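Please read these notes with the model open beside you.

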Amino acid sequence: MAETLAKPRILLVDDDPSIVRIVQAYLEKDGYRVLTSDDGLQALDLARQRQPDLLVLDLMLPQMDGLDVCRVLRGEGNKVPIIMLTAKTTEQDRLTGLDLGADDYVTKPFSPRELLARVRAVLRRANEAADAADELRSGDLVVDTVGHQARLRGQPLALTPVEFKLLTVLMERPGKAFTRLELLDLVFGYEYEGLERTIDVHVMNLRRKIEPCPEKPIYVETVYGVGYRFPLDNHAS
C-alpha cells in the first residue's frame with residue numbers, strides 16, 4: 001500500500017554532476033523519489049528494471065545518447081513519459097526528440113523551478129488520462145480512458161502519454177477543427193512556450209500508429225489553415 005501512495009519515481013539522467021545535484025534536490029524537496037544515472041546505457045537498464053514514472057533525459061550522454069535511449073525504449077513499447085534536456089536550440093534539434101516519442105523538452109540552461117513545473121505537468125497529464133471515466137470508439141479504434149489503453153482492431157497501441165491525450169482530446173469533440181495552439185493548451189495543460197510544430201510532430205507519430213495509411217489519414221484529419229480534427233464519420237471495419 002505504501003508503494004501505491006508514494007510519490008512518483010523519477011529517473012534523472014545527466015552527466016553533469018552539478019545539474020544532477022541541483023535538480024535532484026528540487027525534485028526530492030517536492031516529494032519525488034529520484035534515481036540518477038550519468039550515462040545512457042545505465043539509464044536504459046534502470047528504465048527497464050526499475051520502471052520509473054517519468055524520465056528526465058539529457059540529450060548528450062556517454063555510452064548512448066539520449067535520443068538513442070528514447071528510440072530504444074519506444075521501440076520496446078515502453079510508454080514512460082520522457083522530458084528531454086537539450087543544450088541544442090535549433091528547431092530541428094528540439095523536434096527530433098519529440099519525433100522519437102519524447103513528451104516534452106527543456107532547453108539548457110534552465111531554471112530548476114521550470115523543470116519542476118514541467119515534471120508536474122507531464123505527470124498530471126498522464127494521471128488525468130488514467131483517471132478519466134469513459135470509452136471513446138470509432139469503428140476499429142477504441143480508447144479506454146479508464147484503463148488508459150487504446151486499441152486498433154482489438155490490438156493494444158503503444159501510445160505515449162502525449163499521443164494518448166492528443167487522441168482523446170480529438171475524439172471527445174469529433175468534427176471540431178482544433179488549432180495547433182488550442183491543442184498545445186489542451187494536451188500540455190499549461191502555458192506552453194514551445195513551437196506550434198510540436199503538435200505536428202505528435203500528430204505524425206500518432207498517425208503512424210493508428211492510420212491504415214498515414215499519408216491518407218482517416219482518423220486524424222488535417223484542416224488546412226487551421227489545424228486538426230477527428231471526423232464525425234464512424235469508420236467501421
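1. The largest pocket has a volume of about 490 Å³. A pocket here is an open set of points on a 1 Å grid over the protein atoms alone, with protein on both sides within 12 Å along at least five of seven lines. Grid points are joined across faces, edges and corners, and a volume is the space filled by probe spheres set on the points. This is a predicted model: local features need pLDDT of at least 70, side-chain atom pairs count only at pLDDT 80 or more, and totals for chains, interfaces and linings use all residues. Residues are numbered from 1 along each chain as its sequence is written, and side-chain values use heavy atoms, with hydrogens and water left out.

2. The lining of the largest pocket holds 18 residues, and Pro-52, Asp-53, Lys-79, Val-80 and Pro-81 lie nearest its centre; a lining residue has an atom within 4 Å of a point. By type, the lining divides into 10 nonpolar, 6 polar and 2 charged residues. Nonpolar covers Ala, Val, Leu, Ile, Met, Phe, Trp, Tyr, Cys and Pro, charged covers Asp, Glu, Lys and Arg, and the others, Gly among them, are polar. With 4 residues, α6 gives the most to this lining. Helices (H or I, at least four residues) and strands (E, at least two) are DSSP runs, numbered from the N terminus.

3. How many cavities of 30 Å³ or more are there? The count is 2, a cavity being a set of points where a 1.4 Å probe fits but cannot get out. The second largest cavity has a volume of about 30 Å³. Its lining consists of Val-23, Tyr-26, Leu-27, Pro-112, Leu-115 and Leu-116. The elements giving two or more residues to that lining are α2 (17-29) and α6 (112-131). All 6 residues there are nonpolar, with no polar and no charged ones.

4. Thr-160 sits in the loop between β9 (155-157) and α7 (161-172). Thr-160 is buried, with a relative accessible area of 2% (buried means under 20%, exposed over 50%, partly exposed in between, for a 1.4 Å probe and protein chains only). Apart from neighbours within four places in sequence, Thr-160 is in contact (heavy atoms within 4.5 Å) with Arg-74, Gly-101, Asp-103 and Lys-209.

5. β6 pairs with β7 (residues 141-144) in the antiparallel sense over 4 bridges; pairing requires at least two DSSP bridges. Ser-138 stands opposite Leu-141 in β7.
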